[in-house]
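Morning, everyone. I have one structure to show, and I'll keep it brief.

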Amino acid sequence: MADALRNRGLRLTGPRRVVLEVVRGTDSHPTAERVHQMVRRRLPRVSLGTVYRNLRLLVSEGLVKELPGPHARFDGNVSEHHHVTCLGCGRIVDIAGTLTEPHSRALCGRVAAEAGFSVSHHRIEFYGRCPECRRRRRRRAGSNRMGARRGAAR
Ligand SMILES: [Zn+2]
Ligand SMILES: [Zn+2]
């Protein structure tokens, strides 16, 4: 990890290294606020602004990915992969790029042909309910028939 930074000629300052380690050390796709909380366990005096600035820097260096959305979330996994987002609790889970590869390649080909672009990459977003939210919903449905009907209508 320190090598990844050094190879790109970045100065290895304390906060930046810790921010990178924190983001790389989780697959929870944390918000800047969440990264700040985790970084503060190791650097108690670091400000949210500093964490945010370092996140931006790491994103611009390609060491961290930023996920689009209402609240920016960050991903230390910079390899090609997709995400499935839970509409119930907002958690984001990684889906390996290889899982969608046959379709991905066909799609890229068609987009390139239709738009005349050379397509470098793309992302597929999946949405649904995670196992915990599904369990919670089933429990609620069991104790409340109205809820079950409302849930089924959605
Ligand atoms: Zn959920
Ligand atoms: Zn991810």
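Start with histidine 29, which is found in the loop between H2 and H3. Helices (H or I, at least four residues) and strands (E, at least two) are DSSP runs, numbered from the N terminus.

Some ground rules. This is a predicted model: local features need pLDDT of at least 70, side-chain atom pairs count only at pLDDT 80 or more, and totals for chains, interfaces and linings use all residues. Residues are numbered from 1 along each chain as its sequence is written, while chains are lettered from A and ligands numbered from 1 in the order in which they are written.

Back to histidine 29. Its phi is positive, about 50°, although it is not a glycine. Buried or exposed? Histidine 29 counts as buried, because it has 23 C-beta neighbours inside 10 Å. The cut-offs: 20 or more other C-beta atoms within 10 Å for buried, 12 or fewer for exposed, partly exposed in between, with C-beta atoms placed from the backbone.

Now the helices. H2 covers residues 14–24, H3 residues 32–40. Their axes come within 10 Å and cross at roughly 115°. Axes are lines fitted to C-alpha atoms, here over the stretch in contact, and angles run from 0 to 180 degrees between N-to-C directions. H2 and H3 are therefore roughly perpendicular, a label for 65 to 115 degrees.

Last, the hairpin. Strands E3 (residues 81–86) and E4 (residues 92–96) run antiparallel, joined by 5 bridges; pairing takes at least two DSSP bridges. Threonine 85 stands opposite isoleucine 92 in E4. Between the strands lie 5 residues, and glycine 90 takes a positive phi near 85°.

Methods: Angles under 35 degrees count as roughly parallel, over 145 as roughly antiparallel, 65 to 115 as roughly perpendicular and the rest as oblique.
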